Amino acid sequence: MLDLGPTFVKIGQVLSTRPDVVPQVYAEEFVTLQDAVPTGPYREMIPALADDVGYHSYDDFDPEPIAGGSLAQVYRGTYQGDQVVVKVRRPGIKDLIETDLRIIRRLIPLVMLVAPERLQFSLRNMADDFERIILEELDFEREARMMNEIRANFESDGNESVVIPRVYQDVSSERVLTMAYVEGTKVTDVDNLEAEGHDPERVARDVANAYFTMGLEHGVYHGDPHPGNLAVDEEGRIVFYDFGMSGRFTPAMQNSVVNLYLAAVNRNVDGIIDELIALGALDPDANRAAVGHVLELVIEDLEGSETVDWQRIISEVTGMLHEFPFRIPPDIMLVLRVGSISEGVLRQLDPEFDFLAAAQTFLREHGFMERAARMKLAEMRGELEASLWALLRLPTKLERELDARETERTRTATRPQQQGSRSLGYAILAAASLIGTALLVSVEPTYSLLGLGVVLVFLYLFVRSSRDDSP
């Protein structure tokens, strides 16, 4: 991957988060690509700085990079008296990547011919997902917008426990991103954190809650929580760096993630399948019974384990679902990446940290469980209302249908037989309405009174029809 160049380095980095496509042992090896790219010479970066923001715009600029990656390098500088960090895209990288992407697009149909059927659903979508991800990472203007939006979200909440570096728009472009330099202690440097008076366990909770807040409340989140991108400032606030990998949740996706978690907690296999389909992880045409059986085995296996963590759950689920048309959409991939990496980081701060328990606490304290329950009740109420109004229209329809049948059967059946059929129909409807009314009691008492009225109407029609039937 390193020899093939930046596109394939990025492919390897993406595959490190795709246990639905590659075996876990490969995913673990690809993780090393995060820090394996050597830095390039400063002179290669000068054209982007000169053309986009002006080479002499900065008061001072250190040519020695402080970090490097497959797509960009990062430098220290001074701008208008402020300490800044400048991220510069590698020269010619976009043209090179676009060329590589064209080659990959042409290879995909050939790969599909030989790929196992179970992987075709993942591969069919992964090429488009990867192209979107890498082109977004190349666009520093997008990264700046995401940083500004995430910072504004925390500020509007009055949340002072998180720091997002300020973006200097007048010296930023698609290829250059200038940000405020925010000093902090690396989040996994436990000894220094304690020496500075910070409680590692509290830091772990703050990091987890910051991610839950971004994903489930704000819908825009930082997607690369490795130790180099997280720090703690002198006031104990969590500092986030590098928003090249960042994601966005629609309200529907946020609800699906919460519902998926609640379905898993309640061992509701049908609910889990519904949410996997809603999130685009599972093909709607997949064999639900077979998938349900596999998920039941996963739940039983996890319940029998002494320790259950996020990474274990992901490995179990993706491993078992390899035989089905299953894939991880890019936004959900980022969520899994955040969960897997942050769980490892947070356990360096607190060896007893339980990511799933922290998620449950956050969902409960922020009303997500009650909100999900209310949405489910509202859904049930809507279905019952539709059923109730259908029942209210039934007498007229039934009368019309029975009258038509009576006319048709005049020559072949006697009236008492027809009346008997009519009486039986009313009795069945009365019984069905009574059952529906009993269900309504637990959802909405007001509607249950209306349902009781429907029952009484059908009982009256039954009695009247029975009398008419009497000789």
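Is the crossing of helix 8 and helix 14 left-handed or right-handed? The crossing is right-handed. The tour comes back to this pair after a look at the rest of the model.

**Before you start**

This is a predicted model. Colour the chain by pLDDT, the predictor's confidence in each residue. The mean over the chain is 78, and 73% of the residues reach 70 or more. Now select residues 414–418, where the pLDDT is below 50. Beyond near neighbours in sequence, this stretch has six contacts in the model. Where pLDDT is low, the predicted coordinates should not be read in detail.

**Stop 1**

Four of them form an open sheet, in the order 5-10-9-7, with mixed pairing. Select residues 162–163 for strand 5 and residues 185–186 for strand 7. These two strands stand at the edges and have a single partner strand each, so one side of each is left without a neighbour in the sheet.

Move on to strand 9, residues 230–232, and strand 10, residues 238–240. The two run antiparallel and are joined by three bridges. Strands of a sheet pair through backbone hydrogen bonds. To find one of the bridges, pick V232 and look for its partner in strand 10, which is I238.

**Stop 1**

**Stop 2: helix 8 and helix 14**

Which residues of the two helices meet? Show side chains for N209, F212, T213, L216 and E217 in helix 8, and for F355, A358, A359, F362 and L363 in helix 14. The residues of this contact divide into seven nonpolar, two polar and one charged.

**Stop 3: helix 1 and helix 4**

Finally, select helix 1, residues 6–15, and helix 4, residues 93–114. They pack at an angle of about 65°, with their axes 9 Å apart. Helix 1 is therefore roughly perpendicular to helix 4. On the helix 1 side, the contact is made by P6, T7, F8 and I11. On the helix 4 side, look for I93, L96, I97, D100 and I104. Seven residues of this contact are nonpolar, one is polar and one is charged.

How values were computed
Residues numbered from 1 in each chain as written. Predicted model: local features only at pLDDT ≥ 70, side-chain atom pairs only at ≥ 80, totals over all residues. Heavy atoms only, no water. Pairing = 2+ DSSP bridges. Helix = DSSP H or I, 4+ residues; strand = E, 2+ residues; numbered from the N terminus. Axes fitted to C-alpha atoms, helices over the stretch in contact; angles between N-to-C directions. Parallel < 35°, antiparallel > 145°, perpendicular 65-115°, else oblique. Contact = heavy atoms within 4.5 Å. Nonpolar A, V, L, I, M, F, W, Y, C, P; charged D, E, K, R; others polar. Left-handed = near helix turned anticlockwise from the far one by under 90°. pLDDT = per-residue confidence, 0-100.
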